[in-house]
Amino acid sequence: MSSPDPPISVAVVRREAEAAVAATSLRVVADEVGISAMSVRAFILAANQPQQRTLRKFNAWYARRAAVRRTEGMEDARAALIVLAGLYPEADRPRVLRNLVDRMGREFHESRMPPPPWLAELAAEFGQGTG
């Protein structure tokens, strides 16, 4: 794996941030993300490449929003997994991501449920097969 933190699509997170601002305000989204309103505005407008710290905050915010709306998309799953793996030391994150995806595959199998189509894609992305 080339990087310990696989990217959540910045375009996807930007669209979510733009929609959230349209539904509420810059200040509300800034408070939710934990950055300034001007930083949210710059992120949405793609005024510059976001700093890693800002991107991590947006990724965590995106994952929290995804959990509330309970979607089944791969971007949401990737975001949640990356946020969880971020709790571990950087050197351990690739292994943690592989183990989380592997465990999800086994849980679907044990529950006699078909895994969502994106699980195999994430397993390949993170470097292994599923359950």
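**Starting from one residue**

Student: Okay, which residues does V33 touch, leaving out those up to four places away in sequence?

Tutor: Bearing in mind that this is a predicted model, V33 touches K57, F58, W61 and R64 once residues up to four places away in sequence are set aside.

Student: Where does V33 sit, and is it buried or exposed?

Tutor: V33 is placed in helix α2, and because its relative accessibility is 6%, where buried means under 20%, V33 counts as buried.

Student: How far apart are V33 and F58?

Tutor: They are separated by 25 residues in sequence, while their C-alpha atoms lie 6.0 Å apart in space.

Student: Which residues touch the most other members of the largest nonpolar core?

Tutor: That core has 19 residues, and the ones touching the most other members are V29, V40, F58 and W61. At least two of its residues come from each of α1 (10-23), α2 (26-33), α3 (37-44) and α4 (52-69). There is also a second, separate core of 12 residues, which includes A77, L81, L122 and F126. As a general point, nonpolar side chains in soluble globular proteins tend to be buried together.

Student: Back to α1, then: which of its residues are buried?

Tutor: In α1 the buried residues are V12, V13, R14, E16, A17, A20 and V21.

Student: Switching to the surface, which residues make the nonpolar patch?

Tutor: L84, L87 and Y88 make a nonpolar surface patch of about 340 Å². Of these, L87 is found in the loop between α5 (74-85) and α6 (93-110), and because its relative accessible area is 70%, against a cut-off of over 50%, L87 is exposed.

Student: Last one: what is the phi of R112, and where is it found?

Tutor: R112 has a positive phi of about 55 degrees although it is not a glycine, and R112 lies in the loop between α6 and α7 (117-126). Most residues other than glycine have a negative phi. At 77% relative accessibility, R112 counts as exposed.

How values were computed: Residues are numbered from 1 along each chain as its sequence is written. This is a predicted model: local features need pLDDT of at least 70, side-chain atom pairs count only at pLDDT 80 or more; totals for chains, interfaces and linings use all residues. Side-chain values use heavy atoms; hydrogens and water are left out. A nonpolar core is a set of buried Ala, Val, Leu, Ile, Met, Phe, Trp, Tyr and Cys residues joined through side-chain atoms within 4.5 Å. Buried means under 20% relative accessible area, exposed over 50%, partly exposed in between (1.4 Å probe, protein chains only). Helices (H or I, at least four residues) and strands (E, at least two) are DSSP runs, numbered from the N terminus. Patches are made of residues with over 30% relative accessible area and no salt bridge: like charges are joined within 9 Å, nonpolar side chains (Val, Leu, Ile, Met, Phe, Trp, Tyr) within 5 Å. Accessible areas come from the Shrake-Rupley method with a 1.4 Å probe; for residues, only the protein chains shown count as cover. A salt bridge is a side-chain nitrogen of Lys or Arg within 4 Å of a carboxyl oxygen of Asp or Glu. Contact means heavy atoms within 4.5 Å.
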